[in-house]
Amino acid sequence: MDKLVIQLLNESRERIYTRWMDEMERVRDEHRLQSITDRAYEETNQELFEIIYTHIEQNVHKPTDRMTEFAEHLMKIGWRLSYITQGLQNFRRIILAIILDANQSNEKVFAMYDEIDRWIDPIVNQLINESAKNWENTVSIQKVALQELSAPLIPVFENISVMPLIGTIDTERAKLIMENLLTGVIKHRSQVVLIDITGVPVVDTMVAHHIIQAAEAVRLVGAQCILVGIRPEIAQTIVNLGIDLGQFPTKSTLFKGMKSALELTKRQMIELE
Amino acid sequence: MNIQSCVEVRNEWDIVKARQSGRNIAKELGFGTVDQARITTAISELARNIYLYAGSGEVAIERVENGGKLGLKIEASDSGPGIKDIRKVMEDGFTTSGGLGAGLPGVKRLMDEFTIDSKENEGTIITSIKWLR
């Protein structure tokens with residue numbers, strides 16, 4: 001960076017600091033940091049200011065390790081990235097004002113302006129990119145985790161399998177349910193599959209449609225579906241919606257479903273004497 | 001006290017968000033579990049219609065009062081293609097997306113009041129109220 005800029009920044013460090021702190025205090029609400037104690041907020045501000053200044057001295061055009069670590073730490077404890085980006089932007093605004101005050105020629109001011117822009121923008125960009133990457137990573141990991149939890153088909157007895165469904169069913173999961181159901185039915189040679197919807201919070205027309213389709217597909221590969229775990233309020237909404245679930249048997253609980261599945265495969269539960 | 005919430009619907013997870021806030025508000029207003037399920041299902045249908053046919057829109061949920069009666073109002077609005085023939089979409093089994101075609105007539109049965117206001121190529125606003133008994 002231009003020596004003059006650095007000199008100017010070092011000379012007016014105190015001035016920049018007070019103005020910057022004022023500015024940060026004003027934007028505190030925007031970053032939802034009201035719950036943080038004044039002292040912690042001030043200390044963090046001080047640290048950020050310190051880091052920004054080390055940046056100037058080192059004259060690098062990308063976030064230093066310290067900056068990245070600082071950002072990562074803040075995000076981990078629930079601060080927003082916008083706090084840091086705004087900190088940098090406020091910093092830029094203040095030093096530009098100070099440059100203007102310094103009575104330089106127009107060309108010189110413009111050159112300094114340009115220099116500072118080129119210095120701060122890459123830092124902001126890279127911080128944003130990194131945090132976006134982190135987020136994308138988290139989301140994709142969670143997606144995989146969700147998929148693993150999604151729709152297991154559990155063989156319980158010979159020829160009888162259970163698929164417990166838990167949570168919201170979206171289009172992607174519905175596809176997965178169908179696939180797991182059909183491959184599982186063939187792999188375990190199931191004759192009866194119990195689909196348990198106790199854990200499904202809302203059964204709307206789409207969910208019902210997917211269940212009907214799944215049951216129909218199971219029928220096509222030669223097995224039978226029993227829908228179990230229909231809570232009373234779900235039963236009422238299904239009736240209100242006018243959805244016809246008459247093509248396959250339904251039961252209120254998994255236990256009752258299991259009993260009729262055993263009957264269908266010509267077995268029964270008995271108590272030992 | 002003014003209970004209300006507004007959820008933008010742009011993807012499938014927004015549908016979940018809309019109905020969760022609907023369920024919370026219904027609970028706060030004192031609706032029973034069956035009516036809570038009805039309200040959430042209705043929100044789910046309306047939000048899904050926005051997502052499927054208009055791409056994006058809004059679901060606003062608020063508390064309403066009328067002559068001492070307390071209720072929950074859902075307003076689903078979008079600026080999508082609009083509905084060509086409202087009488088047709090209110091028929092059971094009519095669908096343009098290969099679904100069950102029970103969505104809108106179903107919502108009407110789940111709720112107490114139901115109005116559609118739609119202009120072709122301008123958008124649709126569906127308002128529906130469930131009264132607390």
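This is a predicted model: local features need pLDDT of at least 70, side-chain atom pairs count only at pLDDT 80 or more; totals for chains, interfaces and linings use all residues.
Local features need pLDDT of at least 70, and side-chain atom pairs count only at pLDDT 80 or more, while totals for chains, interfaces and linings use all residues. Residues are numbered from 1 along each chain as its sequence is written, and chains are lettered from A in the order in which they are written.

**Chain A**

Select chain A. Its C-alpha trace spans about 95 × 40 × 35 Å along the principal axes. The radius of gyration is 31 Å, whereas a compact globule of 273 residues would be near 19 Å (taken over C-alpha atoms; the rule is 2.2 Å times the number of residues to the power 0.38).

Now select residues 150-265 of chain A. An unreviewed UniProt entry places "domain: STAS" here; such annotations may be inferred rather than shown by experiment. This stretch is 47% helix and 22% strand, with its end C-alpha atoms 28 Å apart.

**The sheet of chain B**

Move to chain B. Its 5 strands form an open antiparallel sheet, ordered β1-β2-β3-β5-β4 (strands pair if DSSP finds at least two bridges between them). β1 (4-9) and β4 (113-119) of chain B are the edges; each has a single partner strand, so one side of each lacks a neighbour in the sheet.

Zoom in on β1(B) and β2 (residues 57-66) of chain B. They run antiparallel, joined by 6 bridges. Find B:C6: opposite, in β2(B), stands B:A60.

Key. Helices (H or I, at least four residues) and strands (E, at least two) are DSSP runs, numbered from the N terminus.
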